[in-house]
Amino acid sequence: MALSYSAYSQYNKCPYVYKRRYLDKMFKPMGGPAYFGTAIQKLFEFFINEGIDSKEVDPLVWIKENIPRAFKTCAAKGIDKSVNVQKYIDDEKTLLSAYNFYFILKGLDLLKKTSSEIKKSILLNDHIAVTGVMDFIKKTEDNKEIIVADAKGTQYSFFDENKTIETDQLLFYAMFCYKHFNVLPRTCFMLYNATLSNVQDHFTNLNFTQRIIWVDYTLDDISNLQKNIINVYNDIEKRKFDAKVNRYCNFCDFKLECPLNKEEL
């Protein structure tokens with residue numbers, strides 16, 4: 001078994017939901033916001049992997065021409081039946097959001113094809129593996145300098161209920177880079193990409209720096225994360241899948257079947 005960040009994070013939030021999703025395979029198709037964000041990222045995956053040079057093509061024209069391809073590619077992977085794919089493609093806010101995200105990536109110099117996408121597993125010890133796919137990564141040819149970035153669909157997902165920044169996913173990717181390349185990333189970025197519903201508010205109220213959160217990690221941070229992952233792995237092996245109250249309970253796909261009393265939720 002190889003733990004992805006999503007699986008590790010889900011177990012920490014609620015072991016019962018982890019079991020239903022990852023062992024019982026009860027996944028819910030992507031809804032509109034998740035689909036939108038995934039498609040925007042797919043658009044720039046095309047841009048990077050196909051080696052598009054913004055000096056030779058008009059980025060706005062290229063984005064407009066390729067939005068249908070990105071959104072249809074993501075739709076083919078499975079989305080909720082209520083999602084209107086063509087509406088997303090035709091909405092001018094989609095182009096606005098994508099063009100904005102282009103400038104964020106360009107400003108961080110993350111639009112160059114400097115690294116192939118990482119989709120490999122790494123071993124933490126003799127029997128525990130983790131797997132990861134990073135949204136954006138830039139590295140030098142000698143692997144001496146690495147920058148990784150993860151995209152979020154809303155600024156509010158950066159924070160927990162205590163208004164502390166949620167950057168566990170970046171730490172997971174930093175660990176992955178350290179184990180894979182033997183180099184600790186120079187810095188890690190969390191990027192805010194506006195969703196269709198909040199794109200206007202995004203442009204009205206946020207400046208460039210508010211769309212980016214960057215974090216630097218130490219080897220102690222990596223070591224502590226590895227210990228936590230091993231603990232989670234061991235708990236899964238012992239089949240510890242008790243439900244746990246957390247701030248996502250009211251939005252949980254398994255709320256109606258949750259073994260916890262409704263009063264607790």
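How many helices and strands does the protein have? There are nine helices and seven strands, taken as DSSP runs (H or I of at least four residues for helices, E of at least two for strands) and numbered from the N terminus.

A word on the ground rules. This is a predicted model, with local features needing pLDDT of at least 70 and side-chain atom pairs counting only at pLDDT 80 or more, while totals for chains, interfaces and linings use all residues. Residues are numbered from 1 along each chain as its sequence is written, and side-chain values use heavy atoms, leaving out hydrogens and water.

**The overall picture**

Of the 265 residues, 44% count as buried, where buried is under 20% relative accessible area, exposed is over 50% and partly exposed is in between (1.4 Å probe, protein chains only). The accessible surface comes to about 14500 Å², and carbon and sulfur atoms account for 49% of that; the areas are Shrake-Rupley values with a 1.4 Å probe. Take the contacts (heavy atoms within 4.5 Å) between residues at least 6 apart in sequence: 71% of them join residues at least 24 apart.

**H1 against H2**

Helix H1 (residues 5–13) and helix H2 (residues 15–23) have axes that come within 5 Å and cross at roughly 140°. The axes are lines fitted to C-alpha atoms over the stretch in contact, with angles from 0 to 180 degrees between N-to-C directions. That makes H1 and H2 oblique to each other, since under 35 degrees is roughly parallel, over 145 roughly antiparallel, 65 to 115 roughly perpendicular and the rest oblique. H1 brings Ser6, Ala7, Gln10, Tyr11 and Lys13 to the contact, and H2 brings Pro15, Val17, Tyr18, Arg21 and Tyr22.

**Aromatic rings**

The structure holds 18 aromatic pairs. Rings of Phe, Tyr and Trp (its six-membered ring) pair if their centres lie within 6.5 Å; planes under 30 degrees apart are stacked, over 60 edge-to-face and the rest tilted. Here are two of the pairs:

| Pair | Centre distance | Plane angle | Type |
|---|---|---|---|
| Phe36 and Tyr88 | 5.9 Å | 35° | tilted |
| Tyr99 and Phe103 | 4.9 Å | 70° | edge-to-face |

Phe36 sits in helix H3 (residues 32–49) and Tyr88 in helix H5 (residues 85–90), so this pair links parts of the chain 52 residues apart. Both Phe36 and Tyr88 are buried.

Tyr99 and Phe103 share helix H6 (residues 92–107), four residues apart, or about one turn. Tyr99 is partly exposed at 26% relative accessible area, and Phe103 is also partly exposed, at 43%.
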